[in-house]
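Please open the model in your viewer and keep the selection tool at hand. We will go from one stop to the next, selecting residues as we go.

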Amino acid sequence: MSLSDAAGPDAPDPYELLSWYAEMGVTEALDETPRNHFADPAPIGERGNEQPRFRSLPGRPVPPARPIAAAATPPDDATLSARTLAREARTLDELKSALARFEGCALKATAKNLVFADGNAQGRVMMVGEAPGADEDRIGLPFVGRSGQLLDRMLAAIGLSRKDDVYIANTVPWRPPGNRTPTIQETAICLPFIQRQIELADPDILVCIGKPSSQALLGFKSITASRGKWVEYDTGTRRIRAIATLHPAYLLRRALDKRLAWRDLRALRAALDGKN
Ligand code: URA
């Protein structure tokens, strides 16, 4: 007897259900509360306002009935609305609330949390990564997983801490399903927000971590060719120094390239000390 036979004739086929989850980027089977997926559904009248998780079609699960406004918002409208909302935000708190209200990016529908920032917004250095991963999405803070721990050790090596010295954010503040790289369109839609976040945080130095962030903010085509080179970044109110470095997730796979990241970190330390 198969699992679906055991669960009744209307139950979704477990294989199709898992495939659908994988397609939607669900990579974890954890939930806040235990759920018995094989229990009989409560009669309709006893369900209160709860939305059915699935409509039963024989053997074929369908996504939960939840309006996904973002999917219906044309990208141009989304970019325009992002620009307006970002421009109107006068503080970082207002910007965070504006992002929480923003419905123009489809990633919001699959992410658990908005991952806005961590660290000290008054710090002299602002670091911008790519997008949250699974750990960041669960906790709601950037760079808290394995690559974040490596980033903290790299910062400590040049006498910096995220608590006191560095403000950290991402180019895209919602986790792309399955940790894929954000698309050009998703990045373009979220760009006004991260640009405004940099303007409002007003750091002395911007560090772009990895290729997507250095592409989006500094216009670099290749991270290997451009990392470690100082350029100017116009925040909208002033010009600051900016540099790109390798992403810690890449360094976890390519330990030999840590020596390149170390050079970039030393350049950052020297710039903070007014020595280059
Ligand atoms: N990688 C990123 O680029 N950002 C995070 O927040 C975590 C991993």
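Begin by selecting the ligand together with Asn170, where a nitrogen atom of the ligand is 2.8 Å from an N or O atom in the side chain of Asn170; a polar contact here is a pair of N or O atoms within 3.5 Å. Before going further, note that this is a predicted model, in which local features need pLDDT of at least 70 and side-chain atom pairs count only at pLDDT 80 or more, while totals for chains, interfaces and linings use all residues. Residues are numbered from 1 along each chain as its sequence is written, and side-chain values use heavy atoms, with hydrogens and water left out.

Then select Glu130, where a polar backbone atom is 2.7 Å from an oxygen atom of the ligand. Taken alone the ligand exposes 230 Å², of which the protein buries 93%, with areas computed by the Shrake-Rupley method with a 1.4 Å probe.

Which pocket does the ligand sit in? The ligand sits in the second largest pocket, which is to say that more than half of its atoms lie within 2 Å of the pocket's grid points. On a 1 Å grid over the protein atoms alone, a pocket is an open set of points with protein on both sides within 12 Å along at least five of seven lines, a cavity is a set where a 1.4 Å probe fits but cannot get out, and lining residues have an atom within 4 Å of a point. About 630 Å³ of space lies in this second largest pocket, a volume being the space filled by probe spheres set on the points. Of its 27 lining residues, the closest to the centre are Glu130, Ala131, Ser147, His247 and Ala249.

For the last stop, select Leu99, Val115, Phe116 and Thr171, which are among the residues that line the largest cavity. About 50 Å³ of space lies in the largest cavity, and Asn170, where the tour began, also lines it.

Notes
A polar contact is a pair of N or O atoms within 3.5 Å; within protein, one must be able to donate a hydrogen and the other to accept it, and residues adjacent in sequence count only if both atoms are side-chain atoms.
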